[in-house]
Each structure stands twice: as structure tokens, then as C-alpha cells.
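Here is a briefing for a reader who is meeting this structure for the first time.

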Amino acid sequence: MSNTDSQLLSRVSEILLSSKFYLVGRPLVIGEIPLDIEHVYVGPKNRVDLVVLLESPRSSEDSLKQFWLIQRLVRALDSVQSRRTISVVFCGESPKQSVIQKFQNITRVLSVDELSQARKLVSPLLPLEIPASSTEFSNGIDQIKKQYLGGAPEILRLFLDSSRKGSSKVELEYKDWIDSALTN
């Protein structure tokens, strides 16, 4: 593994760990099948993700060995009827398209080839972070009223006032407004 590949693998590992994934010890035992896979991470609580970090293969022999290992992992999980999804993250130069396609037949595949883009490239694996809602915008109608401070066009004030009585009242006011516009 080149220095850059090891830096990428370390960076992706840091990202996963900071997102509450945890590293599985070696050997990984599924059912009674021991698997010697070095970088296996289990997703955060309530997630069934299993992420395997691999250095990008340097030769067809490397890719065959890696494929064989991942295929054993998939079969072991199938044998115990696991619902875990497997994602393989190649760290380093992106593998040949034929290698990626072979892996995609049995797992999800991501490739991280740039240190500065590591988080972005593995973001499909990470839990979605939703910011806390703001109470500042909890009542949109009041916000609109405050913005216009009495200077709102009459029709907008009519709709805003009728919105307090429900959507059917707004709909009725809107129909009346259209009728009056067409008859005048």
C-alpha cells in the first residue's frame, strides 16, 4: 500500500469512527466462519451497514483475492440470514471499471481517491445530519405578516387573515377574489 493509499484509508477510517461506526475485531466470525478481513466497520446503532475498507488493487491477482474475500463475507452473511448491507470502499487510485462492476454485483462500491474529498465520497454511508429546527420560522404566516407590517396588499392580508380559519376559508376567499377579478 502506498503512503497516499494508507493516508486515504486512515482518513476514511477516522470519518467512519467519528460517525459512530465501530471497528470489528479480527478475525471476523460470522456463524462459525472466520474471516480475516482487516478493516471492517459496523454502522451506528439502528443501522445494518457493514463497511469494508480495501486498498485499491494493484494487479488482477490483488483484485481476485479481494473479490474472493468479499464474496466469502457475503456468503457467510447469507448463511446466517443476515440483513446487513455491505459496502466496499476502495482507498487509492480508482480500480478498473471491470473490477468495480464485479464487486457491484455483490456489494455497494465506493472509491476514495482524493484525501480532500474523502468525506464527500463516503457521505452515502454516513448518517444524515439534520440540524435542529429553529423556532424562529415555526409560524410562517406570522413571519409574512411581520415582514409587511400593515403594508401588505389587501388581497395578501385577506388570505393571511383567512388562513387562521383553515385552508377551506383561504380557498373560498381565493375563489371569490378570482370571481371578482373576472367580473370587474
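Lys20 lies in the loop between helix 1 (3-18) and strand 1, where helices (H or I, at least four residues) and strands (E, at least two) are DSSP runs numbered from the N terminus. The model is a predicted one, in which local features need pLDDT of at least 70 and side-chain atom pairs count only at pLDDT 80 or more, while totals for chains, interfaces and linings use all residues. Residues are numbered from 1 along each chain as its sequence is written, and side-chain values use heavy atoms, with hydrogens and water left out.

**Overall layout**

- The protein has seven helices and seven strands, and along the sequence they follow the pattern α-β-β-β-β-β-α-β-α-β-α-α-α-α.
- Of the 184 residues, 33% count as buried, a term that stands for under 20% relative accessible area, with exposed meaning over 50% and partly exposed in between (1.4 Å probe, protein chains only).
- Among contacts with a separation of 6 or more, 52% are accounted for by residues 24 or more positions apart, contact meaning heavy atoms within 4.5 Å.

**Backbone features in the loops**

- Lys20 has a phi near 70 degrees, a positive value in a residue other than glycine, and Lys20 is exposed, with a relative accessible area of 66%.
- Gln81, found in the loop between helix 2 and strand 6, has a positive phi of about 55 degrees although it is not a glycine, and Gln81 is exposed at a relative accessible area of 69%.
- The peptide bond from Arg26 to Pro27 is cis, with omega near -10 degrees, and Pro27 has its place in the loop between strand 1 (22-23) and strand 2.

- The 20 residues of helix 2 (residues 60-79) should span 28 Å at 1.5 Å a residue, and the end C-alpha atoms are 28 Å apart, which agrees; the expected span is 1.5 Å times one less than the number of residues.
- The buried residues of helix 2, among them Phe67, Ile70 and Leu73, pack against strand 2 (28-30), strand 3 (33-35), strand 5 (49-55), strand 6 (85-91) and helix 3 (97-104).
- Ser63, in helix 2, counts as buried at 6% relative accessibility, and Ser63 touches Pro57, Val99 and Phe103, not counting residues up to four places away in sequence.
- In helix 3, Val99, Ile100 and Phe103 are buried.
- These three cover an arc of only 100 degrees around the axis, which puts them on the same side of helix 3, the arc being that of the directions from the helix axis to the C-beta atoms.

**Nonpolar cores**

- The largest nonpolar core has 23 residues, and those with the most contacts inside it are Val52, Leu73 and Phe103; such a core is a set of buried Ala, Val, Leu, Ile, Met, Phe, Trp, Tyr and Cys residues joined through side-chain atoms within 4.5 Å.
- Helix 2 gives the largest share of this core, six residues.
- Apart from this core lies another, of 17 residues, among them Ile15, Phe21, Tyr41 and Leu110.

**Largest pocket**

- The largest pocket is lined by 15 residues, of which Glu38, Leu54, Glu55, Gln66 and Leu69 lie nearest its centre.
- On a 1 Å grid over the protein atoms alone, a pocket is an open set of points where a 1.4 Å probe fits, with protein on both sides within 12 Å along at least five of seven lines, and lining residues have an atom within 4 Å of a point.
- Helix 2 supplies the largest share of this lining, four residues.
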